[in-house]
Amino acid sequence: MEKLNVPYYTRRAHAKKKALTAYLKKLVRKKPAGMYAITQEARTETWKKIDCTSCGNCCNSMTPTWTKSEIKRVAAHMGMTYDEYYEKYLYTDDNGDIMNDNTPCQHYNTDTRLCTIYELRPKDCAEFPHFHRKDFFDQVEDVFAPNMPRCPATLVWVEKIQELSQTKLKIK
Ligand code: SF4
Ligand code: SF4
């Protein structure tokens, strides 16, 4: 698989974000049957094109949401207590979500572009960019639309969803 040109995808996402977001919102309004199959076909096509190991934007510039048990698990792995780990790396936002204090993530190796706690990483990381979700329509506004400029895979996935919805569901 070709190495990703991340700046190119970021520029492409900014250029297309308005139109793609409008299309996603149209899908949310219409809620067509068969949407999950479309998202999963688009998912398969996306992972044929995108190699995350040549990107790493999510680990480099975004934060996962941590659960307490995940903090406990990773802190123990690092030889730290829960409180030590929390104080050093995390904070709680206004919604009560526990997030990383800084970017890149403390477990991201910027040379190898790999996660150093891959097997122990939070569920939020393991599930990102959330293409498997069955509540696609509920995730458009807060997750998929804003993630297009940050995540090349999300951009390619949304583009594919548009193409498939236009041809298979006749939503223009
Ligand atoms: S825990 Fe690993 S996968 Fe999650 S953001 Fe940090 S480096 Fe990335
Ligand atoms: S999930 Fe998206 S942002 Fe993260 S490495 Fe893959 S393409 Fe890049």
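Helices (H or I, at least four residues) and strands (E, at least two) are taken here as DSSP runs, numbered from the N terminus. The structure is a predicted model, in which local features need pLDDT of at least 70 and side-chain atom pairs count only at pLDDT 80 or more, whereas totals for chains, interfaces and linings use all residues. Residues are numbered from 1 along each chain as its sequence is written, while chains are lettered from A and ligands numbered from 1 in the order in which they are written.

**View 1. Overall layout of the protein chain.** The secondary structure amounts to eight helices and five strands, which follow one another along the sequence as α-α-α-β-α-α-β-β-β-β-α-α-α. Taken along the principal axes, the C-alpha atoms fill a box of roughly 55 × 35 × 25 Å. Of the 172 residues, 26% are buried, a residue being buried if 20 or more other C-beta atoms lie within 10 Å of its own, exposed if 12 or fewer do, and partly exposed in between, with C-beta atoms placed from the backbone.

View 2. Domain 1 (6-58 + 129-168) and domain 2 (61-127) divide the protein chain, with bounds that come from an automatic or database domain assignment. Their centres, taken over C-alpha atoms, are separated by 26 Å. Seven residues of domain 1 are in contact with six residues of domain 2, where contact requires C-beta atoms, placed from the backbone, to lie within 7 Å. The side of domain 1 that touches domain 2 comprises one nonpolar, five polar and one charged residues; in this classification Ala, Val, Leu, Ile, Met, Phe, Trp, Tyr, Cys and Pro are nonpolar, Asp, Glu, Lys and Arg are charged, and the others, Gly among them, are polar.

**View 3. The largest nonpolar core.** This core, a set of buried Ala, Val, Leu, Ile, Met, Phe, Trp, Tyr and Cys residues joined through C-beta atoms within 7 Å, has 26 residues, and those with the most contacts inside it are Leu-24, Met-148, Leu-155, Trp-157 and Val-158. At least two core residues come from each of helix H1 (6-30), helix H2 (35-49), helix H3 (57-61), helix H7 (136-147) and helix H8 (152-168), and H8 gives the most, with six residues. Beyond its neighbours within four places in sequence, Leu-155 is in contact with Tyr-9, Arg-12, Ala-13 and Met-148.

**View 4. Surroundings of the two ligands.** Residues are counted as near a ligand if the C-beta atom, placed from the backbone, lies within 6 Å of it. Around ligand 1 are Cys-59, Pro-64, Cys-105, His-107, Tyr-108, Cys-115, Ile-117, Arg-121, Pro-122 and Cys-125, a shell of eight nonpolar, one polar and one charged residues. The shell around ligand 2 includes Cys-52, Cys-55, Cys-58 and Cys-151, and its residues are nine nonpolar and two polar, with no charged residues. H3 and H8 each supply at least two residues of the ligand 2 shell.

**View 5. The open sheet.** Three strands with antiparallel pairing lie in the order S1-S3-S2, two strands being paired if DSSP finds at least two bridges between them. Strand S1 (65-66) and strand S2 (90-92) are the edge strands, each pairing on one side only. Three bridges join S2 to strand S3 (residues 98-100), and Leu-90 stands opposite Asn-100 in S3.

**View 6. Asp-83 in helix H5.** Asp-83 belongs to helix H5 (residues 82-89) and is exposed, because 10 other C-beta atoms lie within 10 Å.

Terms used: Two residues are in contact if their C-beta atoms, placed from the backbone, lie within 7 Å.
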